[in-house]
Amino acid sequence: MAPVGTWLATIRLPGAVRYADYSTVVEAVCTPLYPSMEFAYDRNRACGERLPDFPERPLAPIDELILVTIEREPYGEPWHALYCPNRQRIVGPLSDHYRYRLQEEYDLINGHLCRYAGPATVCGRVTDGEPLGLLFPTWPGGPDTSDAPPAPDLFARWNDPDLCRRCFLTWSTQPEENPEGAADVPGPVQRRRWWRFGH
Ligand SMILES: [Zn+2]
(Lines give C-alpha, C1' and ligand atoms only; values in the text may rest on other atoms or scores of the structure.)
Protein backbone atom coordinates (compact mmCIF):
# COMPACT_ATOMS: atom_id res chain seq x y z
CA MET A 1 0.00 0.00 0.00
CA ALA A 2 1.20 3.52 -0.71
CA PRO A 3 2.65 5.04 2.45
CA VAL A 4 0.42 7.57 4.14
CA GLY A 5 1.30 11.04 3.07
CA THR A 6 2.67 9.99 -0.30
CA TRP A 7 1.18 11.00 -3.60
CA LEU A 8 2.20 10.48 -7.18
CA ALA A 9 4.31 13.16 -8.82
CA THR A 10 4.53 13.20 -12.60
CA ILE A 11 7.66 14.74 -14.11
CA ARG A 12 7.49 15.70 -17.75
CA LEU A 13 10.81 16.05 -19.56
CA PRO A 14 11.11 16.84 -23.24
CA GLY A 15 10.09 13.57 -24.85
CA ALA A 16 9.81 11.54 -21.64
CA VAL A 17 7.65 11.15 -18.56
CA ARG A 18 8.97 10.05 -15.19
CA TYR A 19 7.27 9.38 -11.90
CA ALA A 20 8.20 9.92 -8.28
CA ASP A 21 6.69 10.03 -4.81
CA TYR A 22 5.59 13.35 -3.40
CA SER A 23 5.83 13.37 0.38
CA THR A 24 3.32 15.51 2.24
CA VAL A 25 5.49 15.09 5.34
CA VAL A 26 8.35 17.14 3.94
CA GLU A 27 6.24 18.73 1.19
CA ALA A 28 8.65 17.76 -1.53
CA VAL A 29 9.17 15.41 -4.41
CA CYS A 30 11.39 12.50 -3.40
CA THR A 31 14.37 12.27 -5.71
CA PRO A 32 14.21 8.67 -6.98
CA LEU A 33 12.55 8.56 -10.37
CA TYR A 34 10.59 5.66 -11.79
CA PRO A 35 9.62 4.75 -15.33
CA SER A 36 5.98 3.97 -14.75
CA MET A 37 2.98 4.32 -12.51
CA GLU A 38 0.13 2.14 -11.39
CA PHE A 39 -3.05 2.39 -9.44
CA ALA A 40 -2.73 0.56 -6.15
CA TYR A 41 -5.39 0.41 -3.41
CA ASP A 42 -6.58 3.95 -3.30
CA ARG A 43 -4.26 6.04 -5.42
CA ASN A 44 -1.71 6.19 -8.18
CA ARG A 45 1.87 5.53 -7.29
CA ALA A 46 5.25 5.35 -8.99
CA CYS A 47 6.39 1.84 -9.85
CA GLY A 48 8.90 -0.14 -11.84
CA GLU A 49 12.60 -0.31 -11.31
CA ARG A 50 14.13 2.82 -9.82
CA LEU A 51 15.98 4.72 -12.53
CA PRO A 52 19.69 5.24 -11.96
CA ASP A 53 20.84 8.63 -10.70
CA PHE A 54 24.26 10.03 -9.91
CA PRO A 55 24.08 12.61 -7.12
CA GLU A 56 27.86 12.60 -6.69
CA ARG A 57 28.45 13.85 -10.23
CA PRO A 58 28.90 17.56 -10.82
CA LEU A 59 25.90 19.55 -11.82
CA ALA A 60 25.62 20.00 -15.58
CA PRO A 61 26.58 23.44 -16.97
CA ILE A 62 23.77 25.86 -16.31
CA ASP A 63 22.70 26.06 -19.95
CA GLU A 64 22.38 22.29 -20.15
CA LEU A 65 19.90 22.00 -17.32
CA ILE A 66 16.52 20.90 -18.59
CA LEU A 67 13.27 22.65 -17.84
CA VAL A 68 10.60 20.16 -16.76
CA THR A 69 7.15 20.34 -15.27
CA ILE A 70 6.12 18.52 -12.13
CA GLU A 71 2.56 17.77 -11.22
CA ARG A 72 1.54 16.22 -7.94
CA GLU A 73 -1.66 14.49 -7.12
CA PRO A 74 -4.29 15.25 -6.03
CA TYR A 75 -3.96 18.90 -7.05
CA GLY A 76 -2.68 18.58 -10.54
CA GLU A 77 -1.45 22.09 -11.13
CA PRO A 78 2.05 21.72 -12.55
CA TRP A 79 5.04 23.85 -11.68
CA HIS A 80 8.31 24.22 -13.53
CA ALA A 81 11.58 22.88 -12.25
CA LEU A 82 15.11 22.07 -13.39
CA TYR A 83 16.46 18.64 -14.18
CA CYS A 84 20.16 17.84 -14.36
CA PRO A 85 20.99 15.42 -17.20
CA ASN A 86 24.37 14.71 -15.65
CA ARG A 87 23.03 13.60 -12.29
CA GLN A 88 19.76 12.41 -13.80
CA ARG A 89 17.97 14.11 -10.95
CA ILE A 90 15.61 16.98 -10.37
CA VAL A 91 17.53 19.99 -9.11
CA GLY A 92 14.50 21.88 -7.85
CA PRO A 93 12.18 23.40 -6.88
CA LEU A 94 10.80 20.22 -5.39
CA SER A 95 7.53 21.72 -4.28
CA ASP A 96 4.84 23.95 -5.65
CA HIS A 97 5.18 26.02 -2.49
CA TYR A 98 8.37 27.52 -3.83
CA ARG A 99 6.47 30.25 -5.61
CA TYR A 100 4.99 31.52 -2.34
CA ARG A 101 8.37 31.43 -0.63
CA LEU A 102 9.86 33.51 -3.42
CA GLN A 103 7.04 35.98 -3.26
CA GLU A 104 7.36 36.37 0.48
CA GLU A 105 11.06 37.15 0.40
CA TYR A 106 12.23 38.20 -3.03
CA ASP A 107 11.74 40.71 -5.74
CA LEU A 108 13.16 40.92 -9.25
CA ILE A 109 15.49 43.68 -10.35
CA ASN A 110 16.74 43.51 -13.94
CA GLY A 111 15.98 39.79 -13.93
CA HIS A 112 17.95 39.10 -10.74
CA LEU A 113 16.41 37.68 -7.60
CA CYS A 114 16.92 40.14 -4.77
CA ARG A 115 16.06 39.26 -1.22
CA TYR A 116 13.67 41.82 0.24
CA ALA A 117 13.97 43.80 -2.99
CA GLY A 118 17.73 44.30 -2.80
CA PRO A 119 20.26 45.62 -3.05
CA ALA A 120 21.99 42.19 -2.90
CA THR A 121 21.32 39.71 -5.71
CA VAL A 122 21.28 35.97 -5.13
CA CYS A 123 23.93 35.44 -7.82
CA GLY A 124 26.18 38.10 -6.32
CA ARG A 125 26.23 40.40 -9.34
CA VAL A 126 25.70 44.08 -8.82
CA THR A 127 22.53 45.56 -10.19
CA ASP A 128 20.30 48.48 -9.48
CA GLY A 129 16.91 49.59 -10.60
CA GLU A 130 13.32 49.37 -9.61
CA PRO A 131 11.98 46.14 -8.13
CA LEU A 132 9.23 44.72 -10.29
CA GLY A 133 6.78 44.26 -7.44
CA LEU A 134 6.94 40.53 -6.80
CA LEU A 135 7.67 40.89 -3.10
CA PHE A 136 4.71 40.31 -0.84
CA PRO A 137 5.96 39.64 2.68
CA THR A 138 3.48 38.36 5.20
CA TRP A 139 3.95 38.24 8.93
CA PRO A 140 1.68 37.88 11.92
CA GLY A 141 -0.50 40.92 12.10
CA GLY A 142 0.64 41.93 8.65
CA PRO A 143 -1.42 42.44 5.54
CA ASP A 144 -4.54 40.47 4.94
CA THR A 145 -3.16 37.48 3.04
CA SER A 146 -6.51 36.81 1.40
CA ASP A 147 -5.53 39.83 -0.66
CA ALA A 148 -2.20 38.27 -1.68
CA PRO A 149 -1.43 38.47 -5.38
CA PRO A 150 -1.18 35.22 -7.34
CA ALA A 151 2.33 33.86 -6.90
CA PRO A 152 3.90 33.34 -10.33
CA ASP A 153 5.68 30.16 -11.40
CA LEU A 154 8.91 32.00 -12.15
CA PHE A 155 10.86 28.93 -13.24
CA ALA A 156 8.52 28.80 -16.22
CA ARG A 157 10.59 31.74 -17.45
CA TRP A 158 13.87 29.86 -17.33
CA ASN A 159 14.35 30.38 -21.08
CA ASP A 160 13.55 34.07 -20.88
CA PRO A 161 16.79 35.89 -21.75
CA ASP A 162 15.95 38.64 -19.28
CA LEU A 163 15.96 36.29 -16.31
CA CYS A 164 19.20 35.61 -14.45
CA ARG A 165 19.62 31.84 -14.50
CA ARG A 166 22.39 31.94 -11.95
CA CYS A 167 20.09 33.59 -9.42
CA PHE A 168 17.37 31.00 -9.91
CA LEU A 169 19.68 28.03 -9.89
CA THR A 170 21.43 29.23 -6.75
CA TRP A 171 18.14 29.82 -5.00
CA SER A 172 16.74 26.46 -6.04
CA THR A 173 19.71 24.59 -4.64
CA GLN A 174 19.83 26.49 -1.35
CA PRO A 175 16.46 28.16 -0.84
CA GLU A 176 16.66 28.17 2.94
CA GLU A 177 20.06 29.76 3.15
CA ASN A 178 20.48 33.39 3.68
CA PRO A 179 22.18 34.85 0.63
CA GLU A 180 25.15 36.99 1.49
CA GLY A 181 24.43 40.60 2.13
CA ALA A 182 20.69 40.14 2.49
CA ALA A 183 18.94 43.19 3.80
CA ASP A 184 17.13 43.26 7.10
CA VAL A 185 13.57 42.08 7.18
CA PRO A 186 11.55 45.04 5.99
CA GLY A 187 8.65 46.70 7.66
CA PRO A 188 5.26 46.89 5.99
CA VAL A 189 5.60 47.81 2.35
CA GLN A 190 3.66 50.42 0.49
CA ARG A 191 0.81 48.77 -1.34
CA ARG A 192 1.09 49.02 -5.06
CA ARG A 193 -0.07 47.39 -8.19
CA TRP A 194 1.34 43.86 -8.25
CA TRP A 195 3.63 43.06 -11.04
CA ARG A 196 3.05 39.98 -13.16
CA PHE A 197 4.68 38.55 -16.23
CA GLY A 198 3.01 39.71 -19.37
CA HIS A 199 1.44 42.80 -17.81
ZN1 LIG B 1 21.44 37.11 -10.81
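Predicted model: local features only at pLDDT ≥ 70, side-chain atom pairs only at ≥ 80, totals over all residues.
Trainee: What makes residues the protein donors of the zinc ion, and which are they?

Mentor: They are His112 (ND1), Cys123 (SG), Cys164 (SG) and Cys167 (SG), and they lie 2.1 to 2.3 Å from the ion. The cut-off is 2.8 Å, so these N and S atoms count as donors. Along the sequence, the donor residues follow the spacing H-x10-C-x40-C-x2-C.

Trainee: What does the pair of histidine 112 and cysteine 164 tie together?

Mentor: Histidine 112 belongs to strand β10 (residues 112-115), while cysteine 164 sits in the loop between β10 and α2 (165-173), so the pair joins parts that are 52 residues apart in sequence.

Trainee: Why is the site of the zinc ion called tetrahedral?

Mentor: The angles among its four donor atoms are 102 to 118 degrees. Four donors count as tetrahedral if all angles lie between 85 and 135 degrees, so the site qualifies.

Trainee: How do you know whether histidine 112 is buried or exposed?

Mentor: The relative accessible area of histidine 112 is 9%. Buried means under 20%, so histidine 112 is buried. Cysteine 164, at 7%, is buried by that cut-off too.

Trainee: Why is arginine 12 called partly exposed?

Mentor: Its relative accessible area is 40%. Arginine 12 is part of strand β1. Of the eight residues in β1 (residues 6-13), six are buried.

Trainee: How do you know which residues arginine 12 touches?

Mentor: A contact needs heavy atoms within 4.5 Å. Leaving out residues up to four places away in sequence, arginine 12 touches Val17, Val68, Thr69 and Glu71. From C-alpha to C-alpha, arginine 12 and glutamate 71 are 8.4 Å apart, although 59 residues separate them in sequence.

Trainee: Why are β1 and β2 said to pair?

Mentor: Pairing needs at least two bridges. β1 and strand β2 (residues 16-23) have eight, in the antiparallel sense, so they pair. One of the bridges joins isoleucine 11 to arginine 18 in β2. The two strands form a hairpin with two residues between them, and glycine 15 in the turn has a positive phi of about 80 degrees.

Trainee: How many bridges are there between β1 and strand β6?

Mentor: There are four, again antiparallel, between β1 and β6 (residues 66-72). The cut-off is at least two, so this counts as a pair. In β6, arginine 72 is the bridge partner of alanine 9.

Conventions. Residues numbered from 1 in each chain as written. Heavy atoms only, no water. Buried < 20%, exposed > 50% of the residue type's maximum accessible area, 1.4 Å probe, protein only. Donors = N, O, S within 2.8 Å, 3.2 Å for Na, K, Ca; no water. Tetrahedral: all angles 85-135°; square planar, octahedral: opposite > 155°, others 65-115°.
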